[in-house]
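Subject: Structure handover

Hello,

Here is the structure I promised to pass on. Please open it and keep it beside this email while you read.

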Amino acid sequence: MLVSLAIKNYALIDNLKVDFNNGLSIITGETGAGKSILLGGLSLILGKRADLSSLKDDTKKCVIEAVFSITNYNLKPFFEKEDLDYDEQTIIRREILPSGKSRAFVNDSPVNLNSLQVLGERLIDIHSQHQTLQIVDDAFQFQVIDALAGTVSDLGKYKGELWSYKSLQKELEGLLNLKSEAIKEHDYNTFLLNELVEAQLVDGELEILEEEYETLNNVEDIKEKLSESYQLLGDEQIGIITTLTQLKNNFSKLSGLSSRYNDLLGRIHSCLIDLDDVYSEIDLLQEALDVNPVRLEQVNTKLQTLHNLMLKHAASDITQLIDIRDNLADKVSITENLDDTIAQKQKEIAIKLELLNRISDTIHKKRTKAIPELRQQLETILKTLGMPNAQFKIEVSYTNSLFSNGKDELSFLFSANKGGSFLELKKAASGGELSRIMLAIKLVLSNYIQLPTIMFDEIDTGVSGEISNKMAEIMLQMSKTMQVFAITHLPQIAAKGHSHFKVYKEDVNNVTQTSLVKLNHDERIVEIAQMLGGLDISSSAIAHAKELLN
């Protein structure tokens, strides 16, 4: 419920703060006193867009703040989704700056207007003449039927499965498109893949082959250098090993004379061991080295193949070629196995469709069962509102189409007169009749679901007398389970409120401003008497006002 409302620097309002109670609250005031301004300010709280014309003083910012008690609205999931602090006494604040920028806050956390609108719809419903047109909308009519039918849980399951079904359909569409494109590319991709597979790619192979090529291509020069090196080391007359062996022998004799030569002897011995090892290694290299023109041709061919493939695929190394090969293999494999994947996806869709059909069938049966009760309740209420011959013809037809709320098509027809034709609401009912039908529907809804605070903006337009009394009683009945506001010009309705607020204009320092004040009992008598007889209040008007209040 709306606990309080504070407005600063908005339109004709300078500074206004008012607290509200639960039950039925009445708002009255002369035409042009500023009731629409009050509603405009409240609409900003609910996410309506604002502009600079809203500022009373365009050098100061406009601030509108509302406090809501949200204990019974099951809004914790919304607050978690929006990453907002949840508080049972939630504060919504809207600011319009002189620059024209607008800001919105929920419990001091900034929010965008879309989030504010979603939250606002859950908190307060401003029912105006324009909103009465909502009654002719299929979605709203289904909402009414579903409230009585108790299909909330079923609809939740249905919508979840419908989302999944549409996702699967989208995936199938993507697979079919992929197949269409893949068929065109399949032969070419297969050709490219076979080239890469036949190349027998091995990571790091390029460097090994290039080294082998250099060896095979220069084998004579290598053999010559190895032979020369072998001779330098092992020649019996002047070879390095022969010379080093003689050096070692000399120092062996010297070490026998003094220990000071031992270190040099050790180092010479170590060199000799290393050179012996080098000598043996050169010998092995010579034996392994062979002129092999066949292998040279093989290596050269493989290198040319690799370089051509790298150039063709704009790859810098074998690793990239391997990645390209694997990607092509995936594409070819996907294409070749696409029919199986498509068949599996079609099977999943068929299973999902069967589930949707079962859920929508349950929804259809519950709706069909609830319609007679809805029709009876609406017709009964409308009889008390001066429409004794009002009749509804409501039917749901099961179709093969998957709509957002089931598979039903709705026929919601109305006849205001006995023997009259049943037509769509917008064709069969006048504006005043639509207002009364909407009031009846809101009363029915309030018995089945938790409605937000509702504000009826002159829903009593065009009615008077006993009908206005009945409308007031309906609003009073609704206010037992929810907070109801009624902006009215009718004294019969004004007298029924638990609280009564008056909107008025006054000139302060030659500036007109709008104010809202809560009336006490005596002030209510005067206000209702003025509503009955005008500004010149007669004693009979006072008596009548007291009678209405009592």
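Two strands pair if DSSP finds at least two bridges between them. Strands (E, at least two residues) and helices (H or I, at least four) are DSSP runs, numbered from the N terminus. Strands of a sheet pair through backbone hydrogen bonds, either parallel or antiparallel.

Some ground rules. This is a predicted model, in which local features need pLDDT of at least 70, side-chain atom pairs count only at pLDDT 80 or more, and totals for chains, interfaces and linings use all residues. Residues are numbered from 1 along each chain as its sequence is written, and side-chain values use heavy atoms, with hydrogens and water left out.

Start with strand β12 (residues 453-457). β12 and strand β13 (residues 484-487) pair in the parallel sense, over four bridges. Isoleucine 454 has valine 484 as its bridge partner in β13. Strand β8 (residues 124-127) also pairs with β12 in the parallel sense, again over four bridges. There, isoleucine 124 has threonine 453 of β12 as its bridge partner.

Why is β12 largely enclosed by the rest of the structure? Four of its five residues are buried, so the rest of the structure largely encloses β12. Buried means under 20% relative accessible area, exposed means over 50%, and partly exposed lies in between (1.4 Å probe, protein chains only).

β12 also belongs to a β-α-β unit. Together with helix α14 (residues 465-478) and β13, β12 makes a right-handed one. Right-handed means this: with the strands pointing away from the viewer, the path from the first strand over the helix to the second runs clockwise.

Now the whole sheet. It is open, has six strands in the order β8-β12-β13-β3-β14-β15, and shows mixed pairing. β8 and β15 (511-518) stand at the edges with a single partner strand each, so one side of each has no neighbour in the sheet. The twist averages 20° from one strand to the next. For angles, axes are lines fitted to C-alpha atoms (for helices, over the stretch in contact), and values run from 0 to 180 degrees between N-to-C directions.

At the other end of the order, strand β14 (residues 499-508) and β15 run antiparallel, joined by eight bridges. Tyrosine 504 stands opposite serine 515 in β15. Helix α16 (residues 521-533) packs on this sheet and touches β3 (24-28), β14 and β15. The direction of α16 makes about 75° with that of β14. Contact means heavy atoms within 4.5 Å.

The three-stranded sheet

A second open sheet has three strands in the order β9-β10-β11, with antiparallel pairing. Its edge strands are β9 (391-403) and β11 (423-424), and each pairs on one side only. Nine bridges join β9 to strand β10 (residues 406-415). Phenylalanine 403 has glycine 406 as its bridge partner in β10. Two helices lie across β9 and β10. Helix α4 (residues 138-149) runs at about 95° to β10. Helix α5 (residues 152-198) runs at about 30° to β9.

A buried arginine

Find arginine 367 in helix α11 (residues 318-384). Is arginine 367 buried or exposed? Its relative accessibility is 0%, so arginine 367 counts as buried. Its side chain makes a polar contact with the side chain of aspartate 408, at 2.9 Å. A polar contact is a pair of N or O atoms within 3.5 Å; within protein, one must be able to donate a hydrogen and the other to accept it, and residues adjacent in sequence count only if both atoms are side-chain atoms. Beyond neighbours within four places in sequence, arginine 367 has contacts that include Phe142, Asp146, Val396 and Asn405.

Histidine 364 is also found in α11. At 15% relative accessibility, histidine 364 counts as buried. Not counting residues up to four places away in sequence, histidine 364 touches Val396, Ser397, Tyr398 and Asp408.

Hairpins and cysteines

Strands β5 (residues 89-96) and β6 (residues 102-106) run antiparallel, joined by five bridges. Their hairpin has five residues between the strands, and glycine 100 there takes a positive phi near 100°.

How many disulfides are there, taking a pair of cysteine sulfur atoms within 2.5 Å as the rule? The count is zero. Cysteine 62 is buried, at 0% relative accessibility. Cysteine 271 is partly exposed, at 42%.

Best wishes

Note on methods. A disulfide is a pair of cysteine sulfur atoms within 2.5 Å.
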